Amino acid sequence: FQPLSIREISRGGCLVETAFQLHLNSLHDIRLTLGDKSVVLKGRVAHCRISDVEQEIVHYHSGLEFIEPEERITSVIKEFIEEIKAGRKG
């Protein structure tokens with residue numbers, strides 16, 4: 001278990017920030033807490049790069065492609081994105 005921060009999310013994947021490098025094409029089980037709901041799905045690392053270096057701490061941004069998410073999980077992600085969009089309009 002390693003924590004990560006979600007920077008961007010879509011129905012097909014997400015951009016995450018970590019303090020460690022993720023290897024290209026590696027598969028990971030990801031637990032996402034989206035509002036009051038939590039889902040677990042599998043993601044494949046599509047890209048990884050250094051995003052920032054602070055003194056001796058390196059931050060990485062990695063793009064994860066969701067691998068065959070169940071319809072229920074896709075619905076939760078879609079609802080979360082719609083809630084964020086609605087909150088920005090108000």
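Helices (H or I, at least four residues) and strands (E, at least two) are DSSP runs, numbered from the N terminus. The model used in these exercises is predicted, so local features need pLDDT of at least 70 and side-chain atom pairs count only at pLDDT 80 or more, while totals for chains, interfaces and linings use all residues. Residues are numbered from 1 along each chain as its sequence is written, and side-chain values use heavy atoms, with hydrogens and water left out.

**Exercise 1. Describe the fold in outline: how many helices and strands does the protein chain have, and in what order do the elements run?**

Step 1. Read from the N terminus, their order is β-β-β-β-β-α.

Step 2. For the dimensions, the C-alpha trace spans about 40 × 30 × 20 Å along its principal axes.

Step 3. Next comes burial (buried is under 20% relative accessible area, exposed over 50%, partly exposed in between, with a 1.4 Å probe and protein chains only). Of the 90 residues, 31% count as buried.

Step 4. Finally, take contacts (heavy atoms within 4.5 Å). Among those between residues at least 6 apart in sequence, 47% join residues at least 24 apart.

**Exercise 2. Find the salt bridges: how many are there by the rule below?**

Step 1. Set the rule: a side-chain nitrogen of Lys or Arg lies within 4 Å of a carboxyl oxygen of Asp or Glu. The count comes to four salt bridges, and three of them can be worked through here, one per step.

Step 2. Start with Arg-7 and Glu-17, whose closest N and O atoms are 3.1 Å apart. Arg-7 sits in strand E1 (residues 5–9) and Glu-17 in strand E2 (residues 13–18), ten residues apart. Arg-7 is partly exposed at 46% relative accessibility, whereas Glu-17 is buried at 19%.

Step 3. Move on to Lys-37 and Glu-79, where the closest N and O atoms are 3.0 Å apart. This pair links strand E4 (residues 37–54), which holds Lys-37, to helix H1 (residues 71–89), which holds Glu-79, across 42 residues. Both partners are partly exposed: Lys-37 at 37% and Glu-79 at 35%.

Step 4. Turn to Glu-65 and Arg-44, with an N to O distance of 2.9 Å. Glu-65 lies in strand E5 (residues 57–66) and Arg-44 in strand E4, so this bridge ties together parts 21 residues apart in sequence.

**Exercise 3. Explain why Cys-14 and Cys-48 are too far apart for a bond.**

Step 1. Apply the cut-off: a disulfide is a pair of cysteine sulfur atoms within 2.5 Å.

Step 2. Check the distance. The cysteine sulfur closest to that of Cys-14 belongs to Cys-48, and because it is 13 Å away, it is too far for a bond.

Step 3. Conclude with the total, which is zero disulfides.

**Exercise 4. Characterise the largest pocket: what is its volume, and which strand gives the most to its lining?**

Step 1. Define the search. On a 1 Å grid over the protein atoms alone, a pocket is an open set of points where a 1.4 Å probe fits, with protein on both sides within 12 Å along at least five of seven lines; lining residues have an atom within 4 Å of a point. Grid points are joined across faces, edges and corners, and the volume is the space filled by probe spheres set on the points.

Step 2. The volume comes to about 290 Å³. Of the 13 lining residues, Gln-2, Leu-4, Asp-29, Ile-30 and Arg-31 are the closest to the centre.

Step 3. Strand E3 (residues 27–34) gives the most to this lining, with five residues.
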